[in-house]
Amino acid sequence: MRILFIGGTGIISTACTDLALARGHELFLCNRGKRASPPAGAKLIAADVHDERAAAAALDGRTWDAVVDFIAYTPDDIERDLRLFRGRTGQFVFISSASAYQKPALHHVITESTPLANPFWEYSRNKIACEERLVRALREEAFPATIVRPSHTYDQTQVPLAVNSWQRSYTAVDRMRRGLPVIVPGDGSSLWTFTHSSDFAKAFLGILGHQQAIGHAFHITSDEVLSWELSYLAVAAAAGVASPKLVHIASDFIAACLPDAIGGLIGDKSNSAVFDNTKVKRLVPDYVATTRFRDGMERTIAWFDADPARRLIDEAADREWDRLIAAYERGLAAARREFGR
Ligand SMILES: NC(=O)c1ccc[n+]([C@@H]2O[C@H](COP(=O)([O-])OP(=O)(O)OC[C@H]3O[C@@H](n4cnc5c(N)ncnc54)[C@H](OP(=O)(O)O)[C@@H]3O)[C@@H](O)[C@H]2O)c1
């Protein structure tokens, strides 16, 4: 197939790029060339997709079997994509987010027909609006849209914990290694699903160019389910920390101190999330996620340990977590006094 990825060198999309090339597809990447040079075999179309005129000129009226926009976040992005790719692609794939599924979660098992509603996170509401625009384009003009909703998906550059820095995710590992406490939401027993990007890519490539995927939405996740407690312990074990200090704090309390946690925790990670992947497996029958979280974390920690320049620390997050833990411990001590314990 002749495929275009908008993005293609990111956390999720790099593995998709690698697999598309390994399978012999003709692959074009449209990005700014800032993050990484395109892997051998991929053709770079250098453009800032937010500069529509420049992007249209760079794309130069070409046609594709499949176009994937990995970095569309708002309905405006989708309107632009409709202008750029109408009549030019056999399939258009929008990368949405599993955070769009109903919050608070009413059932921990999520299928593609779980309602989409997230009053806590604007990011998710925007993804829902993008999906709705594409469904309308499918109905009104047969625009060949497919929606893919990744859940928490990581590669070797990410330590995906519930309370961590997204940009500098080594920060939580650094705290564990220094014997400092890290924050676990709730009592750590709520369930979560992590997917390695190399697993995501296998199902994703299977639905690219698949006629029966058009008009449908899919999530793509691992079938491995862990509690947050076990996830933190897996990260600690990979980092060589035998007894990490885990501080369990109610998500409401965390969100009261860290406003970003309203979306990322209350609207996402503090809700148990177990995915039924039957739908994508129907179209891609050989799809099975094979990377266990503990193995993925060993790869991630090895990646960080291989080069000190990668071990960036989010100092601001570090300070906020210290403040939060201190506030929590003062509150706990006050409660103990109050109840004579
Ligand atoms: N990871 C998760 O857990 C998760 C969960 C749910 C949904 N998602 C969704 O997954 C998508 C992210 O995919 P990803 O992880 O591969 O992306 P990413 O890590 O955010 O990488 C961004 C990619 O887009 C390119 N890019 C950024 N700004 C650009 C611009 N203005 N013009 C052209 N190219 C640009 C980057 O290259 P340059 O910087 O070189 O341009 C890079 O290739 C998002 O839609 C997100 O909502 C992720």
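This is a predicted model: local features need pLDDT of at least 70, side-chain atom pairs count only at pLDDT 80 or more; totals for chains, interfaces and linings use all residues.
Local features need pLDDT of at least 70 and side-chain atom pairs count only at pLDDT 80 or more, while totals for chains, interfaces and linings use all residues. Residues are numbered from 1 along each chain as its sequence is written, and side-chain values use heavy atoms, with hydrogens and water left out.

The ligand is surrounded by 30 residues, each with a heavy atom within 4 Å of it. Thr9, Ser13, Lys34, Phe70 and Tyr123 are the closest. By class, the shell holds 12 nonpolar, 13 polar and 5 charged residues. Here Ala, Val, Leu, Ile, Met, Phe, Trp, Tyr, Cys and Pro count as nonpolar; Asp, Glu, Lys and Arg count as charged; the others, Gly among them, count as polar.

Thr9 places a polar side-chain atom 2.6 Å from a ligand oxygen atom. In the side chain of His50, an N or O atom is 3.3 Å from a ligand nitrogen atom. Ser151 contributes a backbone N or O atom, 3.4 Å from an oxygen atom of the ligand. The ligand alone exposes 910 Å², and the protein buries 91% of that (Shrake-Rupley method, 1.4 Å probe). Two or more shell residues come from each of β2 (26-31) and α4 (122-141). Helices (H or I, at least four residues) and strands (E, at least two) are DSSP runs, numbered from the N terminus.

Helices α5 (residues 170-177) and α11 (residues 293-305) pack at about 85°, with axes 12 Å apart. Axes are lines fitted to C-alpha atoms over the stretch in contact, and angles run from 0 to 180 degrees between N-to-C directions. The pair is therefore roughly perpendicular (65 to 115 degrees). Tyr170, Val173 and Arg177 of α5 meet Ile301, Phe304 and Asp305 of α11, with heavy atoms within 4.5 Å. This contact has 4 nonpolar, no polar and 2 charged residues.

Lys103 and Pro104 are joined by a cis peptide bond, with omega about -5°. Pro104 sits in the loop between β5 (92-95) and β6 (109-110). Asp60, not a glycine, has a positive phi of about 55°. Asp60 lies in the loop between α2 (52-59) and β4 (66-69).

Terms used:
A polar contact is a pair of N or O atoms within 3.5 Å; within protein, one must be able to donate a hydrogen and the other to accept it, and residues adjacent in sequence count only if both atoms are side-chain atoms. Angles under 35 degrees count as roughly parallel, over 145 as roughly antiparallel, 65 to 115 as roughly perpendicular and the rest as oblique.
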